[in-house]
Amino acid sequence: MKLIPETQMTMNDNVVIQTVPTLTYRVQREKEIVSGTLEELEAMKQAVFKILFTERYQYEIYNWEYGMELNDLFGRAKSYVIPEIKKRIEEALLADDRIKAVTDFKFGGGKGNLEVKFKVHTIFGTLEIERQVDI
């Protein structure tokens with residue numbers, strides 16, 4: 001007795017590939033609640049935030065490609081941190097296959113901190129991101 005049916009596809013069969021929406025739960029950081037769902041560009045904005053604020057290798061729930069390494073940059077000179085953080089942001093975000101490019105980096109900030117602005121080009125559109133870190 002066979003429990004799994006056998007099927008054979010031929011070249012004449014019409015196969016429809018359907019794209020499933022990228023729904024994710026809405027995290028409202030200010031209110032400290034999770035409610036509802038987001039999709040497309042709003043979901044990407046939240047995904048970028050989570051990737052950039054998750055220290056890589058620190059949480060067992062995430063694989064080693066998820067997140068960004070920042071801890072070893074504290075106390076380093078800006079001349080070292082600026083090119084390194086650009087590389088790390090690109091590497092962290094491009095691990096998500098919905099993100100196509102990370103461009104237009106601009107750096108600023110004062111003594112002891114670094115502000116970075118950049119664009120994230122996703123399959124749903126472009127996001128302008130701003131992140132400030134203490135160094």
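This is a predicted model: local features need pLDDT of at least 70, side-chain atom pairs count only at pLDDT 80 or more; totals for chains, interfaces and linings use all residues.
Colleague: Which pattern does the protein follow along the sequence?

Modeller: The pattern reads β-β-α-α-β-β-β. That comes to two helices and five strands. For contacts, take pairs of residues at least 6 apart in sequence. Among these, 30% join residues at least 24 apart.

Colleague: Let's take a helix. How do I check the span of α2?

Modeller: Count 1.5 Å a residue. Helix α2 covers residues 78–94, which is 17 residues, so α2 should span 24 Å. The C-alpha atoms at its ends are 24 Å apart, which agrees.

Colleague: Which residues of α2 are buried?

Modeller: The general idea first. An α-helix has 3.6 residues a turn, so residues three or four places apart point the same way. Now the case here. The buried residues of α2 are Val81, Glu84, Ile85, Arg88, Ile89, Ala92 and Leu93.

Colleague: What do the buried residues of α2 pack against?

Modeller: Four elements: α1 (40–52), β3, β4 and β5 (125–134).

Colleague: Two of those are β3 and β4. How many bridges join β3 to β4?

Modeller: Seven. Strand β3 takes residues 99–108, strand β4 takes residues 113–122, and the two run antiparallel. The hairpin has four residues between the strands. Gly109 takes a positive phi there, near 110°.

Colleague: On to aromatic rings. How is a pair of aromatic rings described?

Modeller: By two values: the distance of the centres and the angle of the planes. Here the count comes to six aromatic pairs. One of them is Tyr57 with Trp64, at 5.1 Å centre to centre and 75° between the planes. That pair is edge-to-face.

Colleague: Is Trp64 buried or exposed?

Modeller: Exposed, because its relative accessibility is 65%. Tyr57 has 45%, so Tyr57 counts as partly exposed.

Colleague: And why is the pair of Phe105 and Phe118 stacked?

Modeller: Their ring centres are 5.2 Å apart and their planes lie at 25°, so the pair is stacked. Phe105 is in strand β3 and Phe118 in strand β4, so the pair ties together parts 13 residues apart in sequence. Phe105 counts as buried at 16% relative accessibility. Phe118 counts as buried too, at 2%.

Colleague: Which charged residues lie over the face of a ring?

Modeller: Take Arg76 and Arg131. Arg76 lies over the face of Tyr80, at 4.6 Å from the ring centre. Arg131 lies over the face of Phe53, at 3.8 Å from the ring centre.

Colleague: One last residue. Where is Thr54 found?

Modeller: In the loop between α1 and α2. At 8% relative accessibility, Thr54 counts as buried, because the cut-off is under 20%.

Colleague: What does Thr54 touch, leaving out residues up to four places away in sequence?

Modeller: Thr54 touches Tyr59, Tyr62, Tyr66, Gly67 and Met68. The three tyrosines, Tyr59, Tyr62 and Tyr66, form one aromatic cluster. Look at Tyr66 again. Thr54 and Tyr66 are twelve residues apart in sequence. Their C-alpha atoms are 7.8 Å apart in space.

Conventions:
Residues are numbered from 1 along each chain as its sequence is written. Side-chain values use heavy atoms; hydrogens and water are left out. Two strands pair if DSSP finds at least two bridges between them. The expected span of a helix is 1.5 Å times one less than its number of residues. Buried means under 20% relative accessible area, exposed over 50%, partly exposed in between (1.4 Å probe, protein chains only). Contact means heavy atoms within 4.5 Å. Rings of Phe, Tyr and Trp (its six-membered ring) pair if their centres lie within 6.5 Å; planes under 30 degrees apart count as stacked, over 60 as edge-to-face and the rest as tilted. A charge sits over a ring if NZ of Lys or CZ of Arg is within 6 Å of the ring centre and within 35 degrees of the ring normal.
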